[in-house]
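Please walk me through this structure step by step, in connected paragraphs, and give the cut-offs behind each term where the term is used.

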Amino acid sequence: MKAKHQRLILALAALVALIGAGLLAASALKDEAAYFYAPGDVKTKGVEPGKPIRLGGMVVKGSLKRAPDGVTITFDVTDGKATVPATFSGIAPDLFKEGSGVVAEGSFDTKGTFVATNLLAKHDERYMPRELEGMSYNETTREIEVDQ
Amino acid sequence: MIAEIGLAALWLAAALALLQLVLAFTGLKGNKPDLLAAVRPAAVAQGVLTAIAFIALVTLFLRSDMSVLLVATNSHSAKPWLYKFAGTWGNHEGSMLLWVTVMGVAGAAVALFERALRRDTHMATLGGQAAISLGFYAFLLFSSNPFARLAPAPADGQGLNPLLQDPGLAFHPPTLYIGYVGLSVAFSFAIGALLTRQVDAAFARAMRPWVLAAWVMLTLGITAGSYWAYYELGWGGWWFWDPVENASLMPWLAATALLHSVTVLATRDALRAWTVMLAVVAFSMSMVGTFLVRSGILTSVHAFAVDPERGSFILGLLALYIGGALALFGWRIGAVREGAPFELVSRETMLVINNLLLTVILGLVLIGTLYPLMTEAFGHKVSVGAPYFDRIAGPIALALMIAMAVGPLVRWRRDDGRVVTKRLVIPFLIALSLSAWLSVLAWGRIGILPFLGLVIAGAVGVASLAPLWKRNLRRTPLFTYGMVIAHLGCAVSLGGMASDSAFTVEKLVAARPGDMIQTAGWQLRFVQIQPIAGDNWTALQADMEVRRGGRPVMIHPQSRFFASPPTTTSEAALLTRWNGQLYVVLGEEVEGGRWQLRIWWKPFVTLIWLGGILIALGGFLALLGRERRGWLMKWRARAATA
């Protein structure tokens, strides 16, 4: 094979790989990247049941309840615009509590309840999920405040 | 006093880096040997000075000197000494000092030990290393001074994040950083070679051991980090596609590609421009990773502090160095002669495929990691998570594994396609029988990716041993063993990953002391809950008697409370057997005196990290083999002249 041809073939292979990768990324991102939802987005955009997403917001005060099996909890997540019921089976992180921020990974069931498989709460007092920046829970009015 | 010594050493090192840069380039330009003679001593002195600064900071942490701001905000006098020591780099400034120290010491090592490289390229390389170091010295001194004082000194410090109070902190960041920053040497080699127009086989042979060494440490660091996250977070997972994990994976992917292409350049003098490009990309990925982690721009457990000023500083450095290197590449690469051509069926082609696939994975991980940043610039908040990465990286990684099995069975220059096919008959039969066996065993119960993963791991594991087939094992060179072991390690690791996702059994219960729990053939008797105390924590501990046939063993999952800073962490109990791990996490108390327990049986999960260690061991043997051959040749030459 001539050197010139070889360089051409190599360049073509690289180009094909690059375009392939780009298309793959684009299609995967289109499906998966609309990944983080606040309750308000769920209401306006709608999320099909079973689609894996992250739901982020504040845990509504007084909504946290534990099922008799001792390992399942139910709670409501709100961003001030809408409220979504959620359930989680497992060991909740220590900083997961009412009135505090949470990012839940999971999907909606057919009844519109969010079934979380994983809860991400703050790791320590200094850490806040970035998606929740600008949200805070007002203790006195029991409302979410969102700075835009 | 110690803090001032450390700071002075840093300033001196920065001044020496500037001197080294000027000396190297004016010396090379005007061809002045007397100027060039000072370059190596400058690099060595810089390495010594950064080491002094680093030791100074370690000493301050060990002594709990609260008059130093960094110690006061990140340490506590009641901490065990290991965490005082390792806590030195468990914060932003300390970890950047570790970064700069590794860079300085690596530069000194290149000055002292590099003998194979042509002298002018060697000098230009050292100049390049000085240029990169300079930016990071500036970053440390102007925006992240680890030695800043605090007056008045507080009575005690604020403590270290308890998640970091683990022996893992002593091992994972240093190995990772040696790998990460060790790649700066490859970057500098590329700069040096472009400047002196020496992109050839001799250059590749000189660069290879440095790339190998950095890659071995990076592999170890990632493996250690993955195991640490697995047992410390108590989530039972070993890889979360966290941006910071991606930040360490991306340089590893680039370095793996570089490792293979530099071998093509060294043995066959082909892939010249591509190899230089990869060397630039590898360290660029290290810098991108540092930017992502240190700017706090992405959500991550590793992001210590969010400081926009620091973020823009690193972004500036990033643009300067990557842009500069790419500009140099564009300007000089035309002058690099065409490399040697090769046939379509050849080892070279297989390595090109390896490089393409690795680069594609790298690109996809990079896009996925940066995509949230790009969309946020347009006002959307988006996060890209495991579903994206699993979906795109999984299939390509499996294809890469197949290429890895085939590659070593193909000869350099040209081979016969039919002969190669014959060599693959046995692995192919193994793949077929494994798929048949798995289909009978677990059809419909495991996903397609874990299924393919198990099949490919088995077949590739056997195929990776094939290069030793019918060879005189005693006369096989050490680096061939290195390659075989590293490739086997990939198969072993893949097997562990696939087995974990295919066969893990999880059980979640709320149990009272005295209860008996059964899962996956294990019997767990929940004996009691008791409070215990450690050095700087108190804990509730569950005592559990577990057995699977045989004699019972006690395990003790804990929920620990740390006072400074006030945090609760869960310490999972792990019981390792040859065929897997039992993983038990203690949750909180619920009504009825019951305790939450999360129990996993993870068959062969340990293979994931065993494979990682094998990969690193293979790299180490390859390095040793090449170096030893060099020493032997030198020794023989000397004996012949004497």
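Ala405(B) is found in helix H14 of chain B, which covers residues 386-406; helices here are DSSP runs of H or I with at least four residues, strands are runs of E with at least two, and both are numbered from the N terminus. The model is a predicted one, in which local features need pLDDT of at least 70 and side-chain atom pairs count only at pLDDT 80 or more, while totals for chains, interfaces and linings use all residues. Residues are numbered from 1 along each chain as its sequence is written, and chains are lettered from A and ligands numbered from 1 in the order in which they are written.

Because 23 other C-beta atoms lie within 10 Å, Ala405(B) is buried; a residue is called buried if 20 or more other C-beta atoms lie within 10 Å of its own, exposed if 12 or fewer do, and partly exposed in between, with C-beta atoms placed from the backbone. Leaving aside neighbours within four places in sequence, Ala405(B) is in contact with Pro427(B), Ala459(B), Val460(B), Ala463(B) and Ser464(B), where contact means that the C-beta atoms of two residues, placed from the backbone, lie within 7 Å. Val484(B) is 79 residues from Ala405(B) along the chain, and the C-alpha atoms of the two are separated by 9.9 Å.

The phi of Arg413(B) is near 70 degrees, a positive value in a residue other than glycine, and Arg413(B) counts as partly exposed because it has 15 other C-beta atoms within 10 Å. Ser64(B), in the loop between helix H3 (39-62) and helix H4 (69-74) of chain B, also is not a glycine and has a positive phi, of about 50 degrees; with 19 C-beta neighbours inside 10 Å, Ser64(B) is partly exposed. Another backbone feature is the cis peptide bond between Ala151(B) and Pro152(B), with an omega of about -5 degrees, and Pro152(B) belongs to the loop between H7 and helix H8 (168-196) of chain B.

Phe85(B), in helix H5 (residues 81-86) of chain B, has 16 C-beta neighbours inside 10 Å and therefore counts as partly exposed. Apart from its neighbours within four places in sequence, Phe85(B) is in contact with Val58(B), Phe61(B), Leu62(B) and Ala170(B). From Phe85(B) to Leu278(B) the separation is 193 residues in sequence and 36 Å in space, C-alpha to C-alpha.

Leu278(B) in turn is in contact with Ala254(B), whose other partners beyond four places in sequence are Val281(B), Ala282(B), Met285(B) and Leu362(B). Ala254(B) is one of the residues that touch the most other members of the largest nonpolar core, which has 231 residues; such a core is a set of buried Ala, Val, Leu, Ile, Met, Phe, Trp, Tyr and Cys residues joined through C-beta atoms within 7 Å. Helix H9 (residues 201-233) of chain B gives the most to this core, with 18 residues.

Helix packing can be followed from H9(B). Its axis and that of helix H10 (residues 243-268) of chain B come within 9 Å and cross at roughly 150 degrees, the axes being lines fitted to C-alpha atoms over the stretch in contact and the angles running from 0 to 180 degrees between N-to-C directions. H9(B) and H10(B) are therefore roughly antiparallel to each other, a term for angles over 145 degrees. By class, their contact has 18 nonpolar, 6 polar and 2 charged residues, where Ala, Val, Leu, Ile, Met, Phe, Trp, Tyr, Cys and Pro count as nonpolar, Asp, Glu, Lys and Arg as charged, and the others, Gly among them, as polar.

The axes of H9(B) and helix H19 (residues 607-641) of chain B come within 9 Å as well, crossing at roughly 165 degrees, and that makes H9(B) roughly antiparallel to H19(B). The contact of H9(B) with H19(B) has 14 nonpolar, 5 polar and 3 charged residues.

Turning to chain A, there are 2 helices and 9 strands, and buried residues make up 34% of its 148 residues.

Definitions and conventions:
Angles under 35 degrees count as roughly parallel, over 145 as roughly antiparallel, 65 to 115 as roughly perpendicular and the rest as oblique.
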